Amino acid sequence: MAAEEDNLDQLEEYVDPAEAEAGEAGKSAGVQGSYAGAQACSFRDMLLKDELQRAIGDAGFEHPSEVQQNAIPFAMVGNDMIVQAKSGMGKTAVFVIATLQQIEVEADDKHVDTLVLCHSREVAYQISREFERFSKYMPDVSVGVVYGGVNISAHKKMMKENCPNILVGTPGRILHLMNEKVLSLDKLKRFVLDECDNLLEVALDIRRQVQEIFKKTPREKQTMMYSATISEDARSICRKMSRNAEEIFIDDNQLTLHGLQQHYVTLGEKDKIKRLTDLLDDLEFNQVVIFVRTRQRAAALNAMLIKCAFPSMCIHPKLSQKKRLERYKSFKENSCRILVATSLFGRGVDLERVNIVINFDMSGNSNEYFHRVGRAGRFGTKGLAITFLANDKDREVMEEVQSRFEVGITELPSTVDSSAYMAN
Ligand code: ADP
């Protein structure tokens, strides 16, 4: 595996590094986040291309969410964008729709028009599927996805023989393909960073890779950066990479997800497993994600749950790429109801049937907490998040979450009414 890809693995391996501690939340633009309170504006009002409008209708999107209402009109006319909105508010569709609205390619155009960088392989795959879903009536537009951990020869072949117009990938693999001279960004028109704070702030190596890629893009292009959390530091890096960017910050200091009930349980480390299995027995749910600190703990907890006859699977960065994607897909398709995961899975992954998140191990910082619990209650649906607090550090992070974002997180009551977190 190439050195750059090792770097990516380092990012994926990291478990809540101190660097991820974000500073004070930036100032909110004052817009309160909501999901579909979009009576004032519909996708139709955006005057999108017919083929795009039809695909949006097929996807069942009726009203744009707050961030979509605020950001799409700017993004679709080529503005640079720095966009923050809570997890699950539909940020992906903002850059997907803005890109497809603007893209002008013909069937024999074999160059990369739009490059999307993201931090994990599952997210890369998920984004490429969104581009495919919304470009279904645009037969000339082609979409490709590349990431490390799989043999590079298939990616090289794709770039040489069938270069896609929209390329989604992780930074290590993209750089590798550029260094091998099979990927050129000379004609790039759009450059997108998803979970931009993670790409620019968390790990220095990744930031260097992103900057190296960025330097090889043309000056004239649209740069768009998105995340649920963008600290002041990340924001200033984003500004340096863009020109007169439209900055849309929705609920930056109020990351509470509507419909998401959040509770904590104070307990000793040794009591966690018993408490977890009791909860899994007692609570009703469609799917649940359980977050743990390390991949060893993920594997061990998963094995223990299976032994107790719980329908569980686990995902962590050390699995082969093939296995990871298979497991991600099968969980998304509801083949299994319990997923044990490391923080890697805390960001960006869209799993619409998940209604409970359990932090078996508390995250190392408040940002990660919000990304993790955002896996439940996607797009305004209901959800429940339960966090185990086993030591002083856990309690400190919980205090930081509460003070930074003013969310009401209370002790887990003895019974929780399932109608409070299950869709009707
Ligand atoms: P984010 O990137 O903000 O975390 P996603 O883009 O992953 O959120 O969107 C979360 C979920 O909401 C996805 O399943 C997506 O298909 C769905 N979604 C996005 N926009 C809309 C909309 N306008 N109407 C209905 N569902 C939507």
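A nonpolar core is taken here as a set of buried Ala, Val, Leu, Ile, Met, Phe, Trp, Tyr and Cys residues joined through C-beta atoms within 7 Å. In the present structure, which is a predicted model, the largest such core holds 114 residues, among which Val 94, Ile 97 and Ile 290 touch the most other members. Helix α4 (residues 91–102) supplies the largest share of this core, namely 7 residues, and at least three residues are drawn from each of domain 1 (43–249) and domain 2 (255–420). Of the residues named above, Ile 290 touches Leu 301, Ile 338, Val 340, Ile 358 and Phe 360, when residues up to four places away in sequence are not counted.

Confidence in the model has a mean pLDDT of 84, with 86% of the residues reaching 70 or more. Residues 1–40, by contrast, have a pLDDT below 50, although this stretch has 94 contacts in the model beyond near neighbours in sequence. Where pLDDT is low, predicted coordinates should not be read in detail.

Strand β2 (residues 114–117) is joined to strand β4 (residues 166–169), with which it runs parallel, by 4 bridges, and Val 116 has Val 168 in β4 as its bridge partner. Within strand β7 (residues 246–249) lies Ile 248, which counts as buried because 22 other C-beta atoms lie within 10 Å, where 20 or more are required. Ile 248 is 178 residues from Asn 70 in sequence, yet the two are 7.3 Å apart in space, C-alpha to C-alpha.

A further open sheet, also of 7 strands with parallel pairing, has the order β10-β11-β9-β12-β13-β8-β14, and its edge strands are β10 (312–315) and β14 (410–411). Between the parallel strands β9 (residues 287–291) and β12 (residues 354–359) there are 5 bridges, and Phe 291 stands opposite Asn 359 in β12. Helix α14 (residues 366–373) packs on the sheet through β8 (260–266), β9, β12 and β13 (383–389), its direction making about 150° with that of β12. Helix α12 (residues 295–307) lies across β9, β10 and β11 (338–341) and runs at about 170° to β10.

How values were computed: Residues numbered from 1 in each chain as written. Predicted model: local features only at pLDDT ≥ 70, side-chain atom pairs only at ≥ 80, totals over all residues. Buried ≥ 20, exposed ≤ 12 C-beta atoms within 10 Å, placed from the backbone. Helix = DSSP H or I, 4+ residues; strand = E, 2+ residues; numbered from the N terminus. Domains from an automatic or database assignment. Contact = placed C-beta atoms within 7 Å. pLDDT = per-residue confidence, 0-100. Pairing = 2+ DSSP bridges. Axes fitted to C-alpha atoms, helices over the stretch in contact; angles between N-to-C directions.
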